[in-house]
Amino acid sequence: MADEPIIRGIDAHKTYNSGPVTVHALRGVNLEIPRGEMVAIMGPSGCGKTTLLNCFSGLDDLTSGDVQIEGVSLSGMDDDAKSRYRSRRMGFVFQSYNLLPVLTAAENVELPLLVAKVPAKDARRKALVLMEQVELDGWAGHKPAQLSAGQQQRVAIARALVNDPAIVWADEPTGNLDSETSAQIMDLLVRLNREQRQTLVLVTHDAIVSSRAHRILRMRNGQIVEETRSA
Amino acid sequence: MALPEMALFAVVVGIVLAGLLLAARPLLARLAARNIRRRTTRVVIVILGLLVGTAVISSSLVVGDTLSFIFLEDVYVRLGAVDEIVSNEFGGQLFSFAETNLTQIRADLITAKSPVDGIAPTLLKVMPVRNVAGNKGNQQITIMGLNASYEGAFGPLTTRDGRSLDTDALGPDDVFANARAAADLNATPGQNLTLFYGTTNQTLVHATVADIVRDEGTASYERRAILFMDLRRAQSAFGENGSINLIRVSNVGGVVDGVAFSDQVTQDLRLSVASHHLALRVQDAKASGIAQAVQIGRAATELFLVMGAFGILAGILLIVNIFVMLAEERKPELGIARAVGFLRRDLLTAFALEGTFYAIVAAALGALAGSTSSTGWCRTVTSSSRSTSIPRPSSRLSSRGPRSPGSQSSSRPGA
């Protein structure tokens with residue numbers, strides 16, 4: 001594992017105005033994640049885990065502070081630049097899979113490549129390789145509705161990894177899965193992290209899931225209050 | 001560029017732009033196409049919503065044109081070959097003037113080489129008439145006294161069995177009745193009529209129906225119920241010797257195309273009337289009637305277009321509402337699309353492509369529905385309408401005098 005931080009959060013603040021109430025979702029988060037590390041972020045509901053993931057991945061903007069990815073400040077990028085950066089260097093896995101229901105499994109997997117203007121044939125070839133890696137070869141032509149929950153999450157993982165991202169953000173990747181499927185998905189993520197040396201930031205409630213990470217960060221009231229390293 | 005051409009141009013431009021977009025962004029096109037197939041019922045509702053407005057607009061254009069056509073037909077039927085009229089009209093009454101005025105005006109038109117092929121004197125009176133035998137009367141029968149030697153350009157009077165008649169063939173007390181007058185008076189050939197001329201010192205004129213003529217050409221003048229007399233007999237019977245009260249003018253060309261010369265002929269007629277200090281009024285009857293018919297058609301078109309615009313507006317509101325619903329429904333998908341690198345404008349483009357598909361299909365189906373319903377409407381309203389033949393152009397007035405009766409009968413409407 002390299003020591004150079006690929007993600008650096010500097011005094012990151014995020015507030016939401018919900019009517020007359022101002023919600024401080026992040027309160028001065030400072031965080032460094034080295035390249036290739038697998039980090040689990042835990043904490044009670046509403047503590048700011050998903051907000052941290054959204055803001056640090058550029059899906060949402062910070063109210064103040066800064067996030068640097070591979071040494072580049074996200075606040076210096078406009079919306080289009082952030083979108084292009086995401087399509088080249090990041091992958092996402094969500095709790096509810098968020099596959100596009102109108103596309104087949106292979107089409108969902110190849111989507112980030114097509115968005116990044118990779119030729120269609122190359123994109124499809126790469127997508128099929130990834131589907132094989134997540135043990136879904138033979139399911140390429142199926143629509144999400146024809147797949148089980150575990151299979152859908154595997155498709156989502158393949159989609160997250162298809163563009164060889166530097167960072168994979170996973171928000172409760174096993175939240176909708178039974179324990180057995182959950183373990184299989186975590187095995188897959190751990191294996192891919194180990195083989196492909198991608199940085200993996202995963203938000204979870206599940207202690208079993210977090211136990212597979214190199215480092216566990218615990219959040220409360222928008223702050224990181226505890227950091228634990230795996231043995 | 002007229003509205004239909006503009007609409008066609010807009011549709012073509014829309015299709016070309018959509019085509020270019022499809023070629024340039026196949027991924028967005030695929031997403032849009034798949035999303036269209038996703039909710040068939042919703043697609044049908046959107047297309048139906050937009051279709052109504054398009055159908056109303058396309059049919060309004062046809063309805064306007066059809067109304068114009070109907071009113072134009074009416075003008076051609078009412079006036080026949082008559083393009084301009086010269087009279088001494090006041091308050092709807094035709095006052096008599098000297099028949100010699102016709103000679104003066106005719107000579108001026110010949111000198112000016114005016115594009116006129118006929119000018120005819122008329123004594124036109126409206127009065128109550130009673131059918132003695134049938135014991136049926138009508139208060140508003142028009143009596144037209146015609147000089148057959150001037151009627152060549154206006155076409156002959158034609159019997160139901162196709163025989164051409166001229167008023168100079170009438171006996172001293174005979175009249176021809178057009179079909180409308182015959183129906184109003186329940187008159188048949190050989191029956192005696194009593195004409196009640198005047199109000200205070202009423203003159204009774206006795207006449208016999210010699211024949212019944214079709215309601216066409218001169219016999220359809222202003223769609224009146226008419227009894228035709230020889231001009232001299234009419235002048236004598238109504239105490240108007242040497243007088244007429246209407247001059248009918250026919251331009252070179254047929255019933256339809258003669259009006260092209262109306263401006264020139266009207267100007268020549270007005271110059272003639274002014275140069276002789278005649279208290280007569282020149283009216284470009286057919287040109288005015290046509291302008292009015294076109295105006296009515298245009299007003300109808302505009303009315304229906306406004307209604308169509310409301311339909312389109314409702315369709316737009318419907319599509320906006322449905323797209324708001326779609327955006328809400330697809331929020332997670334839009335989120336993941338943004339996460340994998342789609343730009344905001346990519347998502348807008350995908351929605352725009354979807355909307356363009358709805359618009360093009362609705363426009364095509366709407367135009368089809370509109371034209372189909374309009375075709376039905378046209379067939380219904382024009383089935384009773386007579387098509388107007390366009391006679392061959394006739395020659396101009398000659399200084400040799402009026403043409404012999406019926407000399408151009410084959411070129412006149414309804415001949």
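Predicted model: local features only at pLDDT ≥ 70, side-chain atom pairs only at ≥ 80, totals over all residues.

Reply: **A pair of helices and the sheet beside them**

Let's begin with two helices of chain A: H3(A) and H5(A) cross in the right-handed sense. A crossing is called right-handed if the near helix is turned clockwise from the far one by less than a right angle, and left-handed if it is turned anticlockwise.

Residues are numbered from 1 along each chain as its sequence is written, and chains are lettered from A and ligands numbered from 1 in the order in which they are written.

Back to the two helices. H5(A) covers residues 149–161, and its axis comes within 7 Å of that of H3(A), at a crossing angle of roughly 25 degrees. That angle makes the two helices roughly parallel. Axes here are lines fitted to C-alpha atoms, for helices over the stretch in contact, and angles between N-to-C directions run from 0 to 180 degrees. Angles under 35 degrees count as roughly parallel, over 145 as roughly antiparallel, 65 to 115 as roughly perpendicular, and the rest as oblique.

Which residues of H3(A) and H5(A) make the contact? H3(A) brings A:Ala105, A:Asn108, A:Val109, A:Leu111 and A:Pro112, while H5(A) brings A:Val155, A:Ala158 and A:Arg159. Two residues are in contact if their C-beta atoms, placed from the backbone, lie within 7 Å. By class, this contact has six nonpolar residues, one polar and one charged. The nonpolar class is Ala, Val, Leu, Ile, Met, Phe, Trp, Tyr, Cys and Pro; the charged class is Asp, Glu, Lys and Arg; the others, Gly among them, are polar.

Now for the sheet. Six strands of chain A form an open sheet with mixed pairing, in the order E6-E7-E8-E3-E9-E10. The edges are E6 (90–94) and E10 (223–229) of chain A, each with a single partner strand, so one side of each has no neighbour in the sheet. From one strand to the next, the twist averages 20 degrees. Strands of a sheet pair through backbone hydrogen bonds, either parallel or antiparallel.

E3 (residues 38–42) and E8 (residues 199–203) of chain A run parallel and are joined by four bridges; two strands pair if DSSP finds at least two bridges between them. A:Ala40 has A:Leu202 of E8(A) as its bridge partner.

A:Arg197 sits in the loop between H6 (179–196) and E8 of chain A. Its phi is near 60 degrees, a positive value in a residue other than glycine. Is A:Arg197 buried, exposed or partly exposed? A:Arg197 is partly exposed, because 13 other C-beta atoms lie within 10 Å. By this count a residue is buried with 20 or more other C-beta atoms within 10 Å of its own, exposed with 12 or fewer, and partly exposed in between, the C-beta atoms being placed from the backbone.

Finally, H3(A) also faces the other chain. The contact between the chains takes 18 residues from chain A and 16 residues from chain B. On chain A's side, the elements that give two or more residues are H2 (79–89) and H3 (105–115). H2(A) gives the most, with six residues. By class, chain A's side has ten nonpolar, four polar and four charged residues.
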